[in-house]
Amino acid sequence: MRIIRKIDNKTLQLAVICVVLFTVMAFIRPKFTSSANIYSMMMQIGTSGLFAVCIAIVYLSRGIDLSIISIANLVGIICGVIFRTALNESSSDAEVTGVILLCVLIGIFIGMLCGFINGLLIAELGIFPILVTLATQNIFMGISMIITQGRAETDIPKSLIQFADSSILSIGDFRGIPIILLLFLAIYVSLSVIVHKTPFGFKLQWHGSNSRVSFFNAIDNKRVIYTTYILSGAVAAVGGLIITGRTGSAKADYGGNAVFQALLTCVLAGISPLGGRGKVYNLILSLMALQFLSTGFNMLRISPLIRDSLYGFLLVFSIIMEYLIEKRRVNMLNKKTMLTERMTASRYTRS
Amino acid sequence: MIKRIVLKNEFLSLSMILLFGIIFGIANPTFLSLINILDLLKMCVKPAIFACGVMIVLISGGIDMSFLWIGMFSAYSTSKLFSIVQANGTIVPFAVILLVSMFIGALLGSINSLLVSKFRIPVFIATLSSANIFMGIMFQFVGSEYIFPEQMPQSMIEFSNKLLFSFPSQGGTLVGLHVSVLYAIAALLITHLVMRYTMMGRSVYALGGDASSAERVGFSLIKTNLFVFMMAGLIAGLAGAIAISNIQVANPYDFQGQELTVTAAVIIGGTRVTGGKGSVLGVALGVLLTNLISQNLILVGVPPEYNKFVFGLLIIFATIVQAVQERARKALYRGL
């Protein structure tokens, strides 16, 4: 009993959900465990995971970033335009590689710039994050629309597409681990470390749980906000580059429900939208659970609309479970202490 | 006195409407034609009614993401139900259709309230997931195919053709004020009266201002929450039924992805995102302003690709002005 309590409750829950989902799907559809399917699931986790990481760090600061997918598409489109103008049929391999590297740098810079704009509006003017990012979502998507006039950019160099599709450690039938997943894992691990082990991460969570207290503890709230949104923008830009590489094109309205999925992944991983609570390292488990679910439903030929609605059920269910567990924990505490009233009074939260 | 009026949010919205009206009028005289204005009013009906519900939830301190699917669910299932009834030979009056749709909407709204007040789920998350749940239930159990004008209940089609006063235009077609505009005005007026003059309405403001203070004063948070979400659902049901009648086709995908457009209009109208503040007049002006701009940009020669960009800038601009106003207002009252 004590060992179980020692492991983070949420991690254990999610691990159980993952194992159960995997076994059930593998049992219903043997094709689920085929190497091709596992490979494709890893590819998808690599892409959707990046957006979940963005939302996770912003959630911890008690904010929200609806503009990530617009940033990603904008970055993809700008890179597409650069490719179209800088490269042609006769460019040499070295030239192509150089331009790609340049594009990666420019793309991440644009992502950071977009994040900076979000941070500027939130920190300096004190507008609510949901409003700011709603507006910038429209603005960034609007810029993409103006650049492309609604068309897709398709002049993506072959080597980038090949890179996005490459993998390491392939053994026989199994195609190995996709490079995209590795990229995601690198970003994910480093951000987990940043959030949970560095002073910045501590400030971020403190700001998220109570910005007034953090202010009186000499934490530069504005700086925290800037850093958070710039980080989120940069990660979203990487996501945009990956989407461009995977699909071989860039368009203003790719990934319509990516934001909803990312929100869902974070809430499922126990990262509270009310700020300051949750562990970023749980994300990978909730990503896996959702991926098993969606791939499984695809295999069972359940329509995507029903799948979305089951996501909704899952979200509500997981929050209710958490609520019940929390309630039980509080009840157990109550038996020992007489702090009932104070706790329930301070636990009434709204958003 | 003048200073206080200038610092009101409604004043800002109104002056922006006039400003854009004049700019558009100079750029393209067709904008000021009666046909265009009547058309604009008709386009505002759906967002204006939806906005009432959004405003109530926003005042209570939450952001509602489910209202469009509640509206679609109730309106679609109502029209499906009565199209079957009609196929059996019974003609149902329009009022019954509206009432049934509103009833379904209120039921769905109470589910939201259960999630929020019993399980303490933040409103944004609760409504985001309930929107998905409602959508799935509708597609799975009610249907996902279009209902075409031939099968739609007769009274809905009649409603969509009703004009309050009409006159022939140059082209020979009849032009007039659509009757649904009256419904929108009635919905706005009733919301205003309820929110302003009833105890229940005031309790919503109290809840949004400070939940724990409201509880200590004696408001029941659970009751208030139930009222907020049932009212929002009821209004969404009404809006959905009127919107579906207006376009004469029940297309289950029709409202998809307009949540934030309506919410933005409500916020531009001066409703505070954290709750406790907002007025129906402001919301009406906000809806008018956003629709005025998004419908008429093309008239003044801005290509449609710029729509989203301009819309985003508008939200930023409106919120910045609000923030500045808030500061000035505080300074003014400190001086008193």
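**Exercise 1. What radius of gyration does chain B have, and what would a compact globule with 336 residues have?**

Solution. The model is predicted, so local features need pLDDT of at least 70 and side-chain atom pairs count only at pLDDT 80 or more, while totals for chains, interfaces and linings use all residues. Residues are numbered from 1 along each chain as its sequence is written, and chains are lettered from A and ligands numbered from 1 in the order in which they are written.

- Step 1. The radius of gyration is taken over C-alpha atoms, and the globule rule is 2.2 Å times the number of residues to the power 0.38.
- Step 2. For 336 residues a compact globule would come near 20 Å.
- Step 3. Chain B has 21 Å, which agrees.
- Step 4. The C-alpha trace of chain B spans about 70 × 55 × 35 Å along its principal axes.

**Exercise 2. Repeat the check for chain A, with its 351 residues.**

Solution.

- Step 1. A compact globule with 351 residues would have a radius of gyration near 20 Å.
- Step 2. The value for chain A is 22 Å, which agrees.
- Step 3. Along the principal axes, the C-alpha trace of chain A spans about 80 × 55 × 35 Å.
- Step 4. Chain A holds 15 helices and two strands, and chain B holds 14 helices and two strands. Helices (H or I, at least four residues) and strands (E, at least two) are DSSP runs, numbered from the N terminus.

**Exercise 3. Where is confidence lowest in chain A, and where is it highest?**

Solution.

- Step 1. pLDDT is the predictor's confidence in each residue, from 0 to 100.
- Step 2. Chain A has a mean pLDDT of 85, with 93% of its residues at 70 or more.
- Step 3. The lowest confidence in chain A belongs to helix α15 (residues 340-346), with a mean of 52, and the highest to α11(A), at 94.
- Step 4. In chain B the average is 87, and 99% of the residues score at least 70.
- Step 5. For the complex, the predictor gives an ipTM of 0.79 and a pTM of 0.84.

**Exercise 4. Are A:Arg62 and A:Ile284 buried or exposed?**

Solution.

- Step 1. A residue is buried if 20 or more other C-beta atoms lie within 10 Å of its own, exposed if 12 or fewer, and partly exposed in between; C-beta atoms are placed from the backbone.
- Step 2. A:Arg62 has 23 other C-beta atoms within 10 Å, so A:Arg62 is buried. This residue sits in the loop between α3 and α4 (68-86) of chain A. Its phi is positive, about 60°, although A:Arg62 is not a glycine.
- Step 3. A:Ile284 counts as buried because 22 C-beta neighbours lie inside 10 Å. A:Ile284 belongs to helix α13 (residues 283-299) of chain A.
- Step 4. For helix α12 (residues 258-268) of chain A, the count is 10 buried residues of 11. Among them are A:Phe260, A:Leu264 and A:Cys266.
- Step 5. Over the whole of chain A, 46% of the 351 residues are buried.

**Exercise 5. How do the axes of α3(A) and α11(A) cross, and which residues make the contact?**

Solution.

- Step 1. Axes are lines fitted to C-alpha atoms, for helices over the stretch in contact, and angles run from 0 to 180 degrees between N-to-C directions.
- Step 2. The axes of α3 (residues 35-60) and α11 (residues 221-247) of chain A come within 9 Å and cross at roughly 170°.
- Step 3. Angles under 35 degrees count as roughly parallel, over 145 as roughly antiparallel, 65 to 115 as roughly perpendicular and the rest as oblique. The two helices, α3(A) and α11(A), are therefore roughly antiparallel.
- Step 4. Two residues are in contact if their C-beta atoms, placed from the backbone, lie within 7 Å. The residues involved include A:Leu50, A:Cys54 and A:Ile57 of α3(A), and A:Leu231, A:Val235 and A:Arg246 of α11(A).
- Step 5. By class, the residues of this contact are 12 nonpolar, four polar and one charged. Ala, Val, Leu, Ile, Met, Phe, Trp, Tyr, Cys and Pro count as nonpolar, Asp, Glu, Lys and Arg as charged, and the others, Gly among them, as polar.

**Exercise 6. How many residues of chain B are in contact with chain A, and which helix gives the most?**

Solution.

- Step 1. On the side of chain B, 39 residues are in contact with 42 residues of chain A.
- Step 2. At least two residues each come from α5 (94-119), α6 (123-142), α10 (211-217), α12 (259-268) and α14 (307-335) of chain B.
- Step 3. α6(B) gives the most, with 13 residues.
- Step 4. This side of chain B has 26 nonpolar, 10 polar and three charged residues.
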